[in-house]
Amino acid sequence: EWLQNHEAYHGLVEANTANPQMLLDYDFLKKDVVSLLEKAADSRPQDADVFVALGVAYNIDRSYFRAAESFITAATLRPEDPTLWNKLGATLANSGLSEASLVAYNQALRLKPNYARAWSNLAIAHCNLNQHQDGIRFYLAALKLSPKAEHLWTLLFNAVAAWAPERDELGDMVDRRDMDGLSAAVGGGVPDVENLPSPERSLPQSVGEVVASLRAQMRRPRNEG
């Protein structure tokens with residue numbers, strides 16, 4: 001539908017000669033959408049939006065490496081957009097590359113320090129790397145920014161249980177929603193969401209350097225526990 005309603009790409013949809021009955025087949029439909037988006041990307045390689053759509057389509061198909069490459073291209077074209085770095089981080093994490101995802105999430109947070117979703121994703125990535133103490137800190141930051149996100153308390157409880165399974169009082173703190181107590185229990189270091197740094201208009205590293213670092217990590221063997 002996005003392609004059909006897009007001025008630059010609706011012709012691709014109109015030229016598609018797929019049998020309408022085949023479009024009722026979910027697997028065929030996924031492949032058809034990916035094919036159309038690939039043609040759109042080939043026709044307008046400077047359009048970040050089409051690479052975002054392609055990344056989403058690849059994610060649905062669980063083609064995570066291709067999805068990551070699509071989001072890398074989108075972020076290269078629009079490096080000031082924190083949502084693209086967050087999407088890239090989530091894709092890398094889904095493919096088992098949580099260490100690489102940290103780079104992308106931190107880029108998102110430099111551009112938008114109060115980005116609750118990026119803080120929670122950063123927490124998930126650290127927990128995937130068995131760095132539960134840092135995960136707890138970043139879950140707490142996300143909860144302070146998004147206090148109505150009830151699902152984060154469940155994730156926080158799991159992180160606390162993995163970090164200190166013998167300390168039942170920490171689970172009780174989660175049940176009481178005692179963020180101050182939990183912050184003290186992890187030894188401080190919870191980001192102060194009331195005094196976050198100003199958004200950065202440009203990243204400290206060039207996009208090329210960041211992308212090169214990410215691609216190098218994508219080629220490494222996975223070592224998550």
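**Stop 1: the annotated repeats**

Select residues 48-81, 82-115 and 116-149: an unreviewed UniProt entry puts the feature "repeat: TPR" on these spans (positions follow the numbering used here, feature names are shortened, and annotations may be inferred rather than shown by experiment). You're looking at a predicted model, where local features need pLDDT of at least 70, side-chain atom pairs count only at pLDDT 80 or more, and totals for chains, interfaces and linings use all residues. Residues are numbered from 1 along each chain as its sequence is written, and side-chain values use heavy atoms, with hydrogens and water left out.

Colour 48-81 first: that span is 79% helix and 0% strand, with its end C-alpha atoms 10 Å apart. Now try 116-149, which is 79% helix and 0% strand, with 10 Å between its end C-alpha atoms. Helices here are DSSP runs (H or I, at least four residues; strands are E, at least two), numbered from the N terminus.

**Stop 2: an aromatic pair**

Which rings pair up, and how are they tilted? The count is one aromatic pair (rings of Phe, Tyr and Trp, using the six-membered ring of Trp, with centres within 6.5 Å; planes under 30 degrees apart are stacked, over 60 edge-to-face, the rest tilted). Show Trp119 and Phe138: their ring centres are 5.6 Å apart and the planes sit at 35°, so this pair is tilted. Trp119 belongs to helix α8 and Phe138 to helix α9 (residues 132-145), so the pair ties together parts 19 residues apart in sequence.
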